[in-house]
Amino acid sequence: MISERTARWLSSVLLVAWWHCVPAAGAPQQNAQGAAPPPQFKTAIVVTPERGETPRTSVPVATSVLDATQLPALPAAHFSEILPFLTGVVTARSEFHAGRPIASARGFFGGGEAEYLVLLVDGVPAADVESGLIDWSVVPVTSITRVEVSRGPGSSLYGDSAVGGVLQTFTEGAASGGRVSLEGGSFATFIADGSYGRRRNGVSFSAAGAARTTNGAFEHSESKQYSGTGSIDGRFGLFSWRAAGTASHQRRDDPGAEVRNAPPAATGATSPYRFDETSRHGQSAAFTIRHDSPGLLPQLRVYTGARHEDSIRTTLLAPAFPIRQARELATTAIGGSFDAEHRFGSAAGLRFGFDLSRESLDSAYHTVDETGTVGAPTFSATGHRVRSGVFAAASLVPAPRVRISGALRWDSVDDSGFAQRSPDASAAAWSPRAGVVVYANEARTVSVFGQVSRAFKMPTLDQLFDVRPFRDPVGGTITISNPTLRPQHATNVEAGIIGGTRVSWSAVAYRMDVTNEIDFDVRTFSYGNIGRSAHTGLELEIECRHCSRLRPLASYTLSRAIDDRTGAQLKNVPRHALSIAADAGLGWGVELYARYTHRWGAYLDDENALPLEGPSRLDMRIRRPIGRHQVFVSLYNITGDDFEEYGYTLSDFTGRVVPYIHRGAGAAVRAGFTLSF
């Protein structure tokens, strides 16, 4: 429930928004500095939904966008802190000081073990080889020029794992000059983030880096992150090219889950998670070349990446029965893509291409004793995964107010080298999509769209081949992986309407049926294809883009993710998510961004007997531009709401169900400044 203190904050924000939303009669639409406010959460052209530049009102896909004019207003200095401001994306522990972030969309929650979102950085996929998880720390925020999210299935163009959506961040196209941001505050948090770019003689150079450190919002949650990126691009004749590289290192302590409503006794020297930590470093490089011919517009991209990780992790098989193991992990990936587009005048277009990658995994587990000393190896796994995909997408404008589009992709995934490889370790999938957009008026300010699509998700390498032995309570051993897992498949139908000029709005409804659902089966204590689920939802958004004194934004998401076996809501998926935000000029050059978030209707268990106490929080950034520079104060969870992010249940040896939770971070403040030059 919403606390009384939070309710007072919310009532005040709503009252002010209502009073200021309508501009004074005859007044020009200007912000506090006298300039017209930039469009909020909209963009004329999007790239991600159809894998090429397309007017946003012409794609039959729900899309959220943030650009470089909006990012400085947000209380965000870490990529994961940007995610909650994208409609349709639910993020747990998004703040840097709160721990490892987990993002989900449309009722697909991976729980930090798998991912249902695909992340691209300037078109290059970014995911851990063994799990598909996304490292949100790699991209410095000052280098980001735009973030796009294409919500819902994207397998027809992007293949495996694009079930909940496709998220893409862009660092290309930054203006010449530099930007440095420094801030610090609660939990001994310090963040330095900077970027610099310059163009000379037709060649552009850019570099960016970030250093972040925090003691963390919880005991044993210290984290240090360092990342750097660089790129160079230019052109010769009709060819343009870009070479880019990244390097990162991080070390993170993991506080683990806590028993709900238990006294804080299992901390410090007695906590089962007291040795849990992760140290990882990685490098990547990519090269892209395009041909700007008026006919075909071909583009070729190649990339490679490597990562090394050492970690200690404690797993609870039952309450008071922890299993602690160390893992040494090395992965490499090399891949590439080719695509081309041909336009048939203004009435039709065709895009086609292919993706190919080879991923390698070398993993070894070791024992860990009660003093945290890493001992003898217990299990190792080595193998490869080869992915290949071919796609084609077409569009047709048969009438002035109608656009029809479609895409079809074939994917093949083959695993080899693993000792546990099953005879049928290859999988193939077809992923079609068909959609239509109808403009409701001549000005094309209102459009109605609909689409039907298919998507798939392969089991991760860890889910298939991580057969590390766990000692069970009766003296035997068990494994949680399952080499016979089959891919999940989803069929999606959705429709929406988007419109508005001064006040923009959108509404999207969808229904997605999933077969061969992959989940952890407590009966066998391993992963399995244990059933079907139905994801039904509604996404609403409204925003006043050209209000004079205050620019409000509100969004609501209904996510009804039902397990067909029980008729209950899937674990950790909030049924309702509400967000109310406003960007206002307060006078004397001071600007305020405030955002209230409330999520409810999520459960810890399959039976829906243990509801999660979701967040009801208010975040703000107060900033004062000084010429090209800016000073700011960011406030997180101002009301100090005590809430739960996600969790799970275990049964003890008497059959009693014990709930475990990951708690959300309390109130925090960070202050800093940004220098632009």
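Leu-86 touches Ser-64, Val-65, Leu-66, Val-147, Val-149 and Leu-167, residues up to four places away in sequence not being counted, where contact denotes heavy atoms within 4.5 Å. The model is predicted, with local features requiring pLDDT of at least 70 and side-chain atom pairs counted only at pLDDT 80 or more, whereas totals for chains, interfaces and linings use all residues. Residues are numbered from 1 along each chain as its sequence is written, and side-chain values use heavy atoms, with hydrogens and water left out.

Leu-86 is, together with Phe-79, Ile-82, Leu-83 and Leu-167, among the residues with the most contacts inside the largest nonpolar core, which has 24 residues; such a core is a set of buried Ala, Val, Leu, Ile, Met, Phe, Trp, Tyr and Cys residues joined through side-chain atoms within 4.5 Å, buried meaning under 20% relative accessible area with a 1.4 Å probe and protein chains only. Two or more residues are given to this core by each of helix H2 (79–82) and strands E5 (102–105), E6 (117–121) and E8 (146–151), helices (H or I, at least four residues) and strands (E, at least two) being DSSP runs numbered from the N terminus. Another core, of 18 residues, lies apart from it and includes Phe-470, Ile-480, Phe-525 and Tyr-527.

His-78 is found in the loop between strand E3 (63–67) and H2, and counts as buried because its relative accessibility is 3%. The side chains of His-78 and Gln-225 are joined by a polar contact of 3.0 Å, that is, a pair of N or O atoms within 3.5 Å of which, within protein, one must be able to donate a hydrogen and the other to accept it, residues adjacent in sequence counting only if both atoms are side-chain atoms.

Methods:
Buried means under 20% relative accessible area, exposed over 50%, partly exposed in between (1.4 Å probe, protein chains only).
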